[in-house]
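Subject: Structure for you to look at

Hello,

Here is the structure we spoke about, passed on for you to look through. My notes follow below it.

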Amino acid sequence: MKKVEVVTTFIEYESIRELAQQDQELMEQAIAIRKNAYAPYSQFRVGAALLLEDGTIVLGSNQENAAFPSGLCAERTAIFQAGALHPGKRILKLAISATSDLKVTDHPIPPCGACRQSILEYEVKQAQPIEMFFMGAEGIVCYSPSLLNMLPFHFDAKSM
């Protein structure tokens, strides 16, 4: 029997003000785009902002639908838009901010499993990490150097 230890590393920032200027601006765009979320069912609004290698920012917000699960999360809205409108451009960073109309979200809220899998596909395809910052409506911002850091046992094309 072989024992394997898996370690993931995250950095927590007390607030958005502790981030580098470029990262603050990316997170501020994620916060702003949350307002465009269509979330009449969950009352949970998420904004995502991607930084592409040429400096382009691609935004996304969650879009719900009464016919669950026909809606789409903010992260996948942004990443699929980047793939459709900016094919071949690498994604450098992803900022995510989530809030609820029903309660205070003052803790970091990471991407859901389906979004992690979708982000992973792009990270593996571009053979370069996608840095990720995520937070609630306020408070601590969590940083991960890559999606693989968040999903060390992953499923990709090599698995098939």
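Which residue in β3 does glycine 47 stand opposite? The residue is serine 61. Before the rest, please note that this is a predicted model.

Overall make-up

The protein chain has 4 helices and 6 strands. Read from the N terminus, their order is β-α-β-β-α-β-α-β-β-α. The radius of gyration is 16 Å, close to the 15 Å that the globule rule gives for 160 residues, so the chain is as compact as a globular protein of that length. The C-alpha trace spans about 50 × 35 × 35 Å along its principal axes. Of the 160 residues, 42% are buried.

According to an unreviewed UniProt entry, residues 21-160 carry the annotation "domain: CMP/dCMP-type deaminase". Over that range the chain is 31% helix and 24% strand, with 41 Å between the end C-alpha atoms.

Strand β2 and its partners

Strand β2, residues 44-52, is mostly covered, with 7 of its 9 residues buried. It is joined to β4 (residues 91-100) by 9 bridges, and the two run antiparallel. Within this pairing, arginine 45 has threonine 99 of β4 as its bridge partner. β2 is also joined to β3 (residues 57-61), again antiparallel, by 5 bridges; the pair glycine 47 and serine 61 belongs here. β2 and β3 form a hairpin with 4 residues between them, and glycine 55 in the turn has a positive phi of about 95°.

Strand β6 and its partners

Strand β6, residues 141-144, is covered on both faces. Val141 and Tyr143 are buried on one side, as are Cys142 and Ser144 on the other. β1 (residues 11-13) pairs with β6 in the antiparallel sense over 3 bridges, and tyrosine 13 stands opposite valine 141. β5 (residues 131-135) runs antiparallel to β6 and is joined to it by 4 bridges; in this pairing phenylalanine 133 stands opposite tyrosine 143. A hairpin is formed by β5 and β6, with 5 residues between them. Its turn holds glycine 139, whose phi is positive at about 90°.

The largest pocket

The largest pocket holds about 260 Å³ of space. Its lining consists of 20 residues, and those nearest the centre are Phe44, Val46, Asn62, Cys73 and Cys112. By type, the lining divides into 13 nonpolar, 5 polar and 2 charged residues. β2, α2 (74-85) and β4 each supply at least two of the lining residues.

Backbone points to check

Phenylalanine 68 and proline 69 are joined by a cis peptide bond, with omega about 5°. Proline 69 sits in the loop between β3 and α2.

Two residues other than glycine have a positive phi. Glutamine 43, in the loop between α1 (21-33) and β2, has a phi of about 60°. Is glutamine 43 buried or partly exposed? Its relative accessible area is 25%, so glutamine 43 counts as partly exposed. Alanine 127 has a phi near 50° and lies in the loop between α3 (113-126) and β5. With a relative accessible area of 69%, alanine 127 is exposed.

Regards

How values were computed:
Residues are numbered from 1 along each chain as its sequence is written. This is a predicted model: local features need pLDDT of at least 70, side-chain atom pairs count only at pLDDT 80 or more; totals for chains, interfaces and linings use all residues. Side-chain values use heavy atoms; hydrogens and water are left out. Buried means under 20% relative accessible area, exposed over 50%, partly exposed in between (1.4 Å probe, protein chains only). Two strands pair if DSSP finds at least two bridges between them. UniProt positions are given in the numbering used here, feature names are shortened, and annotations may be inferred rather than shown by experiment. On a 1 Å grid over the protein atoms alone, a cavity is a set of points where a 1.4 Å probe fits but cannot get out, and a pocket is an open set with protein on both sides within 12 Å along at least five of seven lines; lining residues have an atom within 4 Å of a point. Grid points are joined across faces, edges and corners, and a volume is the space filled by probe spheres set on the points. Ala, Val, Leu, Ile, Met, Phe, Trp, Tyr, Cys and Pro count as nonpolar, Asp, Glu, Lys and Arg as charged, and the others, Gly among them, as polar. The radius of gyration is taken over C-alpha atoms; the globule rule is 2.2 Å times the number of residues to the power 0.38.
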